[in-house]
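I shall record each item as I looked it up.

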Amino acid sequence: MTDEHPGAGAGADAPEPFGRRSVSRKTLLKAALIAVPMPALLGSGVALARDHRPSDPPLTPTPYCDDGDDPTPPQTEGPYFKPDSPERASLLEPGTRGTRLTISGYVFGLTCRPVAHALLDFWQADTAGAYDNTGFRLRGHQYTDARGAFMLTTIVPGLYPSRTRHIHVKVQAPGGPILTTQLYFPGEPRNNTDPIFNPALLMNVRQAGPAKQATFDFVIGGS
Ligand SMILES: [Fe+2]
């Protein structure tokens, strides 16, 4: 599991360079955000990064809202995007096969403020690795709530030739530029061979009974 935590084991007890521990305005903003209870999400049992237990391995250092404020890296759209997907937070339909998966997280702006009403448009392969190019199966868009939070209910996508396991997404702040990128699963053998794979786009994924619960936060410009 170490591959899903690049940077982990860097020595949590080692002294950090001066300045790394200084509490920035951004840190305070994020701390305040995370301190806000979210009964709706918590009630649904979705794993969020703040649910992290002390006994768990260290979380992946987020590539966003840290000292660098790096935006979420873009990725190729690929050949299977279709505009005009239905608005829905769950891509599950009667008869949808595959391991259930929830992905929850936040959309932040470059200043680490959550982005309300940001658009997230997801599309993915089915459990057999096929995209629906005639209809909108396993395609859907939704908007972040007032706290910048989103939650997608779907299935774990199947593999198809030449690619590792991934989910496509477009993210856009109101009136902002569109970020097109992909989300990845830790521990996938093909992560080592897929030339498109970027570890900065790994989700935190945990097993929850027969289902998987993932978290990922985006950082986008234009907000
Ligand atoms: Fe794809």
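Entry one. I began with a pair of residues in this predicted model. I found that Tyr106 has Ala149, in β4, as its bridge partner. I then looked up the strands concerned: β1 and β4 (residues 149-155) are joined by seven bridges and pair in the antiparallel sense.

Entry two. I next asked which strands run parallel to β1. One of them is β8 (residues 211-215), joined to β1 by four bridges. In that strand, Gln213 stands opposite Thr102. Another is β9 (residues 218-220), which runs parallel to β1 over three bridges. There I noted Ile220 opposite Gly109.

Is β1 largely enclosed or left open? I counted a residue as buried if 20 or more other C-beta atoms lie within 10 Å of its own. Of the 10 residues in β1 (residues 100-109), nine are buried, so the rest of the structure largely encloses this strand.

Entry four. I turned to an open sheet of four strands, whose order is β3-β2-β5-β6 and whose pairing is antiparallel. The edges are held by β3 (139-143) and β6 (178-184); each has a single partner strand, so one side of each lacks a neighbour in the sheet. I also noted that neighbouring strands here are turned by 20° against each other on average, direction ignored.

Seven bridges join β5 (residues 166-172) to β6, and the two run antiparallel.

Conventions. Residues are numbered from 1 along each chain as its sequence is written. This is a predicted model: local features need pLDDT of at least 70, side-chain atom pairs count only at pLDDT 80 or more; totals for chains, interfaces and linings use all residues. Two strands pair if DSSP finds at least two bridges between them. Axes are lines fitted to C-alpha atoms, for helices over the stretch in contact, and angles run from 0 to 180 degrees between N-to-C directions. A residue is buried if 20 or more other C-beta atoms lie within 10 Å of its own, exposed if 12 or fewer, and partly exposed in between; C-beta atoms are placed from the backbone.
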